[in-house]
Amino acid sequence: MMKVKQDIRKAFDTVRCQDGLKERTRSHVLGRMRQRQPKPAMHRMKLIVSLACLLVFAGSGFGGYQLYYAEAATISIDVNPSIELGINRWGRVIEEVPYGRDGETVLREVSLRHLEYEEALERLIGSEAMQDYLKKDALLSITLENRGSSDLLLENLQICVDTTLRQRHSQARTEYVSVDGHMCREAHSLGMSVGKYYAIQELLTADPQATLDEFRDKSMKEIKGHTEHCGHKAQETEEKAAEDCHHKGHHGQGQD
């Protein structure tokens, strides 16, 4: 623990801001680390550096604190549980939001704030708390709402998630979707993650008799399964109608 204290003090001594703010932040970091299980040295130093960077922004006179916490993208991770991560322009997690009890249970076991988004996804999906939800027939949906125009973030998410699942020997299916800010705002106004909301909107298109509240608490596997079932039924109905039309045409020709 003495080595950790020395590492934290060295990292913070390079930051130029009020001494009182430095000391409060140092104390907070040490308090948080005492509450957690020991971590490898690399992870420990990443945490130190991340919080030192946050301290720089907090002590800046140019709105740095607000800049750090400005959300640039939202990543929705949905199986059941549903969890959203708010990401800043530097790719760090600035907000973690659970939807439903399952999401709350997982986030009680895993802390993701201030991590780079790749490390956050690896830690979340690879956590013991998530393994019960990532069984062989599970569907893991990753939905991205990105304020930027680059597709690189979605590609990176796919590589990160697929790699983590392989390392955990999980056979869960995955899907990746990109949505706009309007979809995200609609979802949040209804108290839902954008990933699950988007999936239910697809379902309602396939089955107009269904309702959002009917599927709000269902897993992604159940939602997608119902959507696919309705799609198959619609296709069968169209094929039967085409076949009946074909038979009627032949019957009419025979009468002539």
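Modeller: Start with H114, in the loop between α5 (100-109) and α6 (117-126). Bear in mind that this is a predicted model.

Colleague: Why does H114 count as buried?
Modeller: Its relative accessibility is 11%. Buried means under 20%. The value falls under that cut-off, so H114 counts as buried.

Colleague: What joins the side chains of H114 and Y68?
Modeller: A polar contact of 2.9 Å. The limit for such a pair of N or O atoms is 3.5 Å, and the H114–Y68 pair is within it.

Colleague: What is there to say about phi of H114?
Modeller: Phi of H114 is near 75°. That is a positive value, and the residue is not glycine. H169 also has a positive phi, near 55°, and is likewise a residue other than glycine.

Colleague: Where is H169?
Modeller: In the loop between α8 (152-167) and β5 (173-179).

Colleague: Is H169 buried or exposed, and why?
Modeller: Exposed, at 69% relative accessibility. The label needs a value over 50%. H169 passes that mark, so it counts as exposed.

Colleague: Now the strands. What makes β1 mostly covered?
Modeller: Strand β1 spans residues 73-78, and six of its six residues are buried.

Colleague: Which way do the residues of β1 point?
Modeller: A73, I75 and I77 point one way. T74, S76 and D78 point the other way. Both groups are buried. In a regular strand the side chains alternate between the two faces of the sheet.

Colleague: How do you know that β1 pairs with β2?
Modeller: Count the bridges. Six join β1 to β2 (residues 82-87), and the two strands run antiparallel. Pairing needs at least two bridges, so β1 and β2 pair. I75 stands opposite L85 in β2. A hairpin of three residues links β1 to β2.

Colleague: What joins β1 to β4?
Modeller: Six bridges, again with antiparallel strands; β4 covers residues 139-146. There, T74 has E145 as its bridge partner.

Colleague: What is the order of strands in the open sheet?
Modeller: The five strands run β3-β2-β1-β4-β5, with mixed pairing.

Colleague: What makes β3 and β5 edge strands?
Modeller: Each of them, β3 (93-99) and β5, pairs on one side only. From one strand to the next, the twist averages 15°.

Colleague: Which helix lies across β1, β2, β4 and β5?
Modeller: Helix α10, residues 194-206. It runs at about 70° to β1.

Colleague: Last, the cysteines. Why is C184 called buried?
Modeller: The relative accessible area of C184 is 4%. C230 has 12%. The cut-off is under 20%, so C184 and C230 are buried.

Technical notes: Residues numbered from 1 in each chain as written. Predicted model: local features only at pLDDT ≥ 70, side-chain atom pairs only at ≥ 80, totals over all residues. Heavy atoms only, no water. Helix = DSSP H or I, 4+ residues; strand = E, 2+ residues; numbered from the N terminus. Buried < 20%, exposed > 50% of the residue type's maximum accessible area, 1.4 Å probe, protein only. Polar contact = N/O pair within 3.5 Å; in protein donor to acceptor, adjacent residues only side chain to side chain. Axes fitted to C-alpha atoms, helices over the stretch in contact; angles between N-to-C directions. Contact = heavy atoms within 4.5 Å.
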